[in-house]
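Welcome! Here is a friendly walk through a structure that may be new to you. Keep the 3D view open as you read.

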Amino acid sequence: MSNTIIIDGQEIAFDLPGKSGNKTVLQIARENGFYIPTLCYHQRTGPASMCRVCVVEVEGMRALQTSCSLVPANGMKVHTATPRVLDARKVVVNLLLANGNHECLSCEVNGDCELQDAAYHLGIETPTFLIKETQPRDNSAAFILYDPGKCIQCGRCVAGCNDQVVNEVLDFGYRGDKTKVICDNDLPMGLSSCVQCGECVQLCPVGALIDKKGMGIARRWETRKVRTTCPYCGVGCQLELHVKGEQIIRVTGVEGAKPNDGHLCVKGRYGYDFIYSKDRLTSPLIREGDGFREASWDEALTLIATKFKQIKDESGADALAGVSCSRSINEDSYYMQRLYREVLGTNNIDNCARV
Amino acid sequence: MTNSFGEFENAKLFFLTGTNMTEAHPVASYFVKQAVKKGAILIVADPRKHDLAKKADIFAQIKVGTDVAFLNGIMYVLIEEDLYDKAYVQANCTNFEEMKASILHYPPERAAEISGVAVETIRKIAHTLASVKPGMLCYTLGLTEHTCGVNNVMSVANLQMLLGNVGVENGGVNPLRGQNNVQGACDMGALPGTFVGYQSVANPESIAKFAQAWGMGPAGTSPYSLNPKIGITMPEMLAGLPDRKIRGFFIVGENLANSEPNIAHVEHQLSSAEFLVVCDIFPTETTRFAHVILPSAAWSESEGTYTNSERRVSRVRKIKQAPGLAMPGWWIAKEIARRMGREWESNSAQEIWDNEVSKLGPAYAGIKYARLENDGLQWPCTTLDPQGASYLGTKFLHKGGKFARGQGLFKGIEWTPPAEVEDKEYPFVLSTGRRLYHYHTRTQTGRSGLDQMLSEETADISQADASCLGIAAGEYIQVSSRRGSVRVKARITDQVPQGLVWMAFHFRESNANWLTNNVFDPLTKTAEYKACAVKIEKI
């Protein structure tokens, strides 16, 4: 028997918790196209009920409810945009804006900020309250910049660090209005046990945790996203490259993708710029004396073909051998083994599986 | 891997042996840690007390190179106490009695003496494995990089079959592959004994099939014919260079001069090559020995596919032009073939996959580029028929205990020590591996800013040994083996037990491979990177 919930007058069928569902009102609403802002909730870290920006009104319930943690019941009537709801959200967002240094002009995540989106949808043009003094940025780490002035203390980074990648570095420190996200016992990130996996950056809804490599080189709307596979270990994480022209600006894990569900490690997230290195080989080279001279493809390949043929004629095909690359694509290895077997006539073909 | 990373989330038990996922496969370690937080049991066997070992319910700190004895000891308890899955073994496996005869040589007391793991721990592991099922067994190079690597792998296969843990979800024998596409390179036939899809090069039917597919005509009708003789492995190729048994050698994308054991010896082999071609994206220590160097397109500079540890074929996409004249590897092979009289039709990675790989490798018959958007497909995927059983790929292998060869074959395995063990002159064991912040010989990570996280190699030693030798943390020391010597910074850590030195091969000057032993597993020719004897001296 299917159950229904009524969101803003629209009847929606859902599965009771414990069956296939276990969905919250927020998830059901989003799947059906209703906009409810969230700042602390993320699909991977789950409901935290901290920011209270996702509140909705439920008939028969006195207080506003946080939709991220609200379990649906048959016949429940939910209103996502009543004046009472919108007023409450406005107060929340205004307080968050007042509680930090949220100037969008120079912010890296301008255009890709969940706080900015919430303010936009709530029609907040100018923050109502006064801005507090700024806190110094933590620029001590290799790849991540932490700007506590932009932190809204939603707790996603803390949940990600402790429950998702389970590196257990980040936590909330201090109390009351001194509360802030800290590394270990409030060490600068670069001196802490943080391994720079960047999970926190990916989960951060605002510009408090930023990939340093991409700073100042592209606005969010200037990049295109290209899905690809990580070039490091055999897990095969799915990456989203954020690319401007031919330049990777930053890398994120693809949320919901197999096998990594958004997670990455320090190499996958930050180890990409080797492709732009000035050290790259750019021309075939042929040995000349103690050094090498540049050659055309035709000259180099003809030399190889001639020499291989000569060796094969003189000593037999098994005097030739090759090692294919287990870093490059399948198709390279397939053609390499085909070259050895079909053209050279030997099975002396291997790869670096033994390292 | 017989099973998938996606199963980690709901696993009940992990048995991790010879795998330091936290550093070598970080994202896999996240899923293990998440499962452990939800209540999964974690058993770790490793010479080092690495981060996951610290989170383990049971940690067996085994001596380097004693895996077979240790695993046989566990299996002894399972058999002695009648705790193994008899129904599974009877229905799905063969050769149990022969294996049992070997295992009976390893009562826990003897296994404990060899491995250094307490008898009670061995029994406790056996009892836990028998009571929490299924369990996922994962391993990495800690098992394979030994002269007894094949035996180590056979032993974990014995164990998982004995427990009935193969062919079930959240179970299996799961080697985490080191390199992004080492699974794929093997799948594609870049191995001395198999065509694409593990079809034997010595099988007349396979030979006929590939000869026809590649337009070579029946044997004897053209100057080109397929050679039925199984080829040689990479260490054998290197060994053939000095005496010119191998006269022409083509290396693609490998920095053998840093990554092979016993660098001095490898460099002698490479320097004696008659004609060496190296194709790479950077000049490396290996290109120094080349006669011709070819510039290759890198990751993100060509379209293609990688296959990960769990057999998942995923797309890799091009976002930029390769620099200068650099070209994709497949183009280079095709152009050499053309200059030797063979024209190949496929002219892009997609054409190669769709028109050749997918047609010739039965496990990939259902995999086409058009189907590889999003999450890719795990082979075997043998059909393009949406009603077919493997149309959506295969999450785990040997379902219901049905093995590719019919029945799961138990093997009786005897323990053998490493080729070189510690002695008076070289009293320490050196074991090697990878660190989180770098990848292999640093050709990529060394040019991506990761030196900021780790800028030089260290020799990891215990506090006890450091105190004994009067070595302070961060002090430069000399580590020497019978093959070489390096000056390297000492790192004192509780991960390493007394008597062990642990190093990686990311940096040239203090590379562990100046020291490692160039001895190999007799079958796979995998080198014994994990064990040799060294001495430590203050400088």
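In this predicted model, helix α4(B) meets helix α10(B) through two sets of residues. From α4(B) come Asp67(B), Val68(B), Leu71(B), Ile74(B), Met75(B), Leu78(B) and Ile79(B). Facing them in α10(B) are Asn151(B), Asn152(B), Ser155(B), Val156(B), Asn158(B), Leu159(B) and Leu162(B). Sorted by class, this contact has 9 nonpolar, 4 polar and 1 charged residues.

How do these two helices lie against each other? Two packed helices are described by the angle between their axes and the distance between the axes. Here α4 spans residues 67–80 of chain B and α10 spans residues 149–162 of chain B, with axes that come within 9 Å and cross at roughly 20°. Angles under 35 degrees count as roughly parallel, and α4(B) and α10(B) are therefore roughly parallel to each other. The crossing of α4(B) past α10(B) is left-handed.

Helix α8 of chain A (residues 330–344) packs with helix α16 of chain B (residues 329–339) at an angle of about 20°, and their axes are 7 Å apart. That angle makes α8(A) roughly parallel to α16(B). Again the crossing is left-handed, as α8(A) passes α16(B). On the α8(A) side, the contact is made by Glu331(A), Asp332(A), Tyr335(A), Met336(A), Leu339(A) and Val343(A). On the α16(B) side, Gly329(B), Trp330(B), Ala333(B), Lys334(B), Ile336(B) and Ala337(B) take part. By class, this contact has 8 nonpolar, 1 polar and 3 charged residues.

The size of an interface is often given as the accessible area lost when the parts come together. Chain A and chain B bury about 11300 Å² between them, with 61% of that on carbon and sulfur atoms. Which residues of chain A lose the most area to chain B? They are Tyr335(A), Arg354(A) and Val355(A), which together make up 8% of what that side buries. Tyr335(A) also belongs to the contact of α8(A) with α16(B). In residue counts, the contact takes 116 from chain A and 150 from chain B.

Side chains of opposite charge can pair when their charged atoms come close. The structure holds 55 salt bridges over all chains, and 11 salt bridges are found across the interface of chain A and chain B. Two examples are listed here.

| Salt bridge | N to O distance |
|---|---|
| Lys55(B) with Glu168(A) | 3.2 Å |
| Lys307(A) with Glu274(B) | 3.9 Å |

For the pair of Lys55(B) and Glu168(A), both partners sit in loops. Lys55(B) is between α3 (51–54) and β3 (58–60) of chain B, while Glu168(A) is between α4 (156–164) and β7 (170–173) of chain A.

Finally, the backbone has some details to find. Most residues other than glycine have a negative phi, and most peptide bonds are trans. The bond from Lys258(A) to Pro259(A) is cis, with omega near 5°, and Pro259(A) lies in the loop between β12 (247–253) and α6 (266–270) of chain A. In chain B, the bond from Trp379(B) to Pro380(B) is cis, with omega near 0°. Pro380(B) is in the loop between β14 (377–378) and β15 (408–409) of chain B. Arg52(A), which is not a glycine, has a positive phi of about 65°. You will find Arg52(A) in the loop between α1 (25–31) and β3 (55–58) of chain A.

Notes
Residues are numbered from 1 along each chain as its sequence is written. Chains are lettered from A and ligands numbered from 1 in the order in which they are written. This is a predicted model: local features need pLDDT of at least 70, side-chain atom pairs count only at pLDDT 80 or more; totals for chains, interfaces and linings use all residues. Side-chain values use heavy atoms; hydrogens and water are left out. Axes are lines fitted to C-alpha atoms, for helices over the stretch in contact, and angles run from 0 to 180 degrees between N-to-C directions. Helices (H or I, at least four residues) and strands (E, at least two) are DSSP runs, numbered from the N terminus. Angles under 35 degrees count as roughly parallel, over 145 as roughly antiparallel, 65 to 115 as roughly perpendicular and the rest as oblique. A crossing is left-handed if the near helix is turned anticlockwise from the far one by less than a right angle, and right-handed if clockwise. Contact means heavy atoms within 4.5 Å. Ala, Val, Leu, Ile, Met, Phe, Trp, Tyr, Cys and Pro count as nonpolar, Asp, Glu, Lys and Arg as charged, and the others, Gly among them, as polar. Buried area is the accessible area (1.4 Å probe) that two parts lose on being put together, summed over both. A salt bridge is a side-chain nitrogen of Lys or Arg within 4 Å of a carboxyl oxygen of Asp or Glu.
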